[in-house]
Amino acid sequence: MSKYKGIIFDLDGTLLNTIEDISDSMNEVLQAFNLNTYSYEEYKHKIGGGFRNLILNSFPEGTDENTISRALEMLLKIYSEKYLNKTQPYDGINKLLNLLVERDIKLGVNSNKKDKYTKNLIYKFFDSIPFIDVYGQRENVQIKPDPTTALEIAENMNLKPEEILFIGDSNTDILTAKNAHMDSVGVLWGFRSREELSKHGAKYIVSDWKEILDIVE
């Protein structure tokens, strides 16, 4: 019997390929400020810490706080209109989730995306999956790699941290798992490299969703 009875998933780059909608939205903001835009590939290295960090990573170094705040407000508005345009689940993810449910693995989502968008996306693409909790960025709750939300999900699963896998595509997710005393799985179909996942101590690194089933069996 597997020691893993629960899995907490990251969202962007793990369950859903959201890079195009995020990039399109951020580029529209940059154009409004007469700044250079970036490619989808370049944005893979800029996202992962919430929208404020995305702006900090996209605007010139030393940009004043007032400009950052205006850009963030603009980004939230634009993304709210674009976030369902091109986003899709990665191949095999729906099958993976259904197979995990069949194996009585408890499931949750911990994202740094705004909570409203996180929930809307999960309910749009995975409405039949009985997630225990789906959490994005919430007011007065620290975002990943702070372990607060991951541990809250563990408590609601009635599981110990060591019984849970935390699955994500970036160093932020691997560090979240480490901070929550959970084993981590880094996925290679997302936005970051094997080198990054390995450097930050991923226990497992997978390139195919079927490998996740092997880990929990």
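User: How many bridges join β7 to strand β8?
Analyst: This is a predicted model; local features need pLDDT of at least 70, side-chain atom pairs count only at pLDDT 80 or more, and totals for chains, interfaces and linings use all residues. Residues are numbered from 1 along each chain as its sequence is written, and side-chain values use heavy atoms, with hydrogens and water left out. Two strands pair if DSSP finds at least two bridges between them. β7 and β8 (residues 204–206) run parallel, and the number of bridges joining them is three.

User: Which helix makes a right-handed β-α-β unit with β7 and β8?
Analyst: A crossover is right-handed if, with the strands pointing away from the viewer, the path from the first strand over the helix to the second runs clockwise. The unit with β7 and β8 contains residues 194–199, which form helix α9.

User: How many residues of β7 are buried?
Analyst: Buried means under 20% relative accessible area, exposed over 50% and partly exposed in between (1.4 Å probe, protein chains only). One face of β7 has D183, V185 and V187, the other S184 and G186, and both faces are covered. β7 is mostly covered, and its buried count is five of five.

User: Which residue in β7 stands opposite F166?
Analyst: β6 and β7 (residues 183–187) run parallel, joined by four bridges. L165 stands opposite D183 in this pairing. For F166, the residue opposite is S184.

User: Why is β6 largely enclosed by the rest of the structure?
Analyst: Both faces of β6 are covered. I164, F166 and G168 lie on one side, L165 and I167 on the other. β6 is largely enclosed because its buried residues number five of five.

User: Which residue stands opposite I167 in β6?
Analyst: Strand β1 (residues 6–9) runs parallel to β6, and four bridges join the two. Opposite I167 stands F9.

User: What is the angle between the planes of F51 and Y79?
Analyst: Rings of Phe, Tyr and Trp (its six-membered ring) pair if their centres lie within 6.5 Å; planes under 30 degrees apart count as stacked, over 60 as edge-to-face and the rest as tilted. The structure holds eight aromatic pairs. F51 and Y79 form an edge-to-face pair, 5.1 Å centre to centre, with an angle of 85 degrees.

User: How many residues apart in sequence are the parts tied together by F51 and Y79?
Analyst: Both F51 and Y79 are buried. F51 lies in helix α3 (residues 51–58) and Y79 in helix α4 (residues 65–82), so the pair ties together parts whose sequence separation is 28 residues.

User: Is the pair of Y83 and Y117 stacked, edge-to-face or tilted?
Analyst: Y83 is buried at 7% relative accessible area, and Y117 at 3%. Ring pairs link both into a cluster with F51 and Y79. The centres of Y83 and Y117 are 4.8 Å apart and their planes at 40 degrees, so the pair is tilted.

User: Which ring has the charged end of R138 over it?
Analyst: A charge sits over a ring if NZ of Lys or CZ of Arg is within 6 Å of the ring centre and within 35 degrees of the ring normal. K124 lies over the face of F125, 5.4 Å from the ring centre. The charged end of R138 sits 3.8 Å from the centre of the ring of Y135.
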